[in-house]
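Hi,

Here is the structure I promised to pass on.

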Amino acid sequence: MAVKPSGRQTGNYLVPIYRKCRRGIVDIQAIRERTEPAFPQSFFDFMPPPERRQEMAAFGTGFVVNRKGWILTSDHVVRDAREIRIGLHNGKKCSAKVVWNDKEHDIALLEVEGSPPLQPLPLGSSRRSEVGEFVLSIGNPLGLENSLSSGVISRKHKSVAVSDKDLDDVIQTDCAINPGSSGGPLINLKGEVIGMNAFMAKNKNGLGFALGIDGIKSRIREYLD
């Protein structure tokens with residue numbers, strides 16, 4: 001007599017990984033102020049025009065890396081932010097502050113105010129990952145909280161030049177990475193973080209890049225306990 005396969009056996013193996021990991025992933029909203037003239041400059045010949053301040057919100061993602069509840073994210077997500085707002089998996093909103101950053105390698109650590117109990121994600125190894133390996137990305141693309149996408153590792157790079165930076169230990173993936181995904185985890189099928197989503201190739205659909213977790217661990221090792 002044939003045994004009908006369970007839902008997990010027919011492909012739902014991604015569900016328990018997502019459920020396990022999402023508790024350690026947060027949505028980030030960085031509030032910045034933009035200043036612009038309230039009136040055209042030509043109206044004011046002898047003095048600077050009055051200024052009007054506007055708030056701008058940038059979206060990103062982060063994940064918990066230690067028992068203190070500190071959150072790893074991309075530095076460009078929170079750089080120069082006047083206020084950082086964190087959304088937890090249960091819908092609770094908190095404030096956070098930058099406690100350490102490395103602009104050159106685009107990584108930052110955040111501490112959540114009030115220290116709510118947060119679950120760190122297990123960190124794997126980017127160097128042991130392989131091209132063709134199946135991976136998951138969980139993030140906050142375009143402000144859409146806890147969005148999951150999947151794909152494979154397309155290529156591994158020793159370094160990639162981005163703007164004026166040379167980023168090392170870079171994983172190329174076809175997971176959907178969009179604005180707001182930066183800082184989110186790239187996860188293998190063991191539920192381990194092997195990279196942090198960093199950027200996408202402009203005008204190249206389906207081409208995303210993550211910073212390998214081994215390179216990141218070497219820079220934040222003292223904060224991982």
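To start you off: does D169 count as buried or exposed? D169 counts as buried, because its relative accessibility is 15% (buried means under 20% relative accessible area, exposed over 50%, partly exposed in between, with a 1.4 Å probe and protein chains only).

Before going further, a word on the ground rules. This is a predicted model, where local features need pLDDT of at least 70, side-chain atom pairs count only at pLDDT 80 or more, and totals for chains, interfaces and linings use all residues. Residues are numbered from 1 along each chain as its sequence is written, and side-chain values use heavy atoms, with hydrogens and water left out.

Overall, the protein chain has 3 helices and 12 strands (DSSP runs numbered from the N terminus: H or I of at least four residues for helices, E of at least two for strands). Of its 225 residues, 45% are buried. The average pLDDT, the predictor's confidence in each residue from 0 to 100, is 85, and 84% of the residues score at least 70. Residues 1–10 fall below 50. Where pLDDT is low, the predicted coordinates should not be read in detail.

Back to D169, which sits in strand β9. Its phi is near 55°, a positive value in a residue other than glycine. The side chain of D169 also makes a polar contact of 2.9 Å with that of S126 (a pair of N or O atoms within 3.5 Å; within protein, one must be able to donate a hydrogen and the other to accept it, and residues adjacent in sequence count only if both atoms are side-chain atoms).

S126 is in the loop between β6 (107–112) and β7 (134–139), and it counts as buried because its relative accessibility is 0%. A polar atom of its side chain lies 3.1 Å from the backbone nitrogen of D214. Leaving aside residues up to four places away in sequence, S126 touches several others, including K156, I171 and I194 (contact means heavy atoms within 4.5 Å).

D80 has a positive phi too, near 65°. It lies in the loop between α2 (75–78) and β4 (83–87) and is exposed, with a relative accessible area of 67%.

Finally, the cores (sets of buried Ala, Val, Leu, Ile, Met, Phe, Trp, Tyr and Cys residues joined through side-chain atoms within 4.5 Å). The largest nonpolar core has 29 residues, and F63, L72, I107, L211 and I216 touch the most other members. A second, separate core of 15 residues includes V26, V77, C94 and A96.

Cheers
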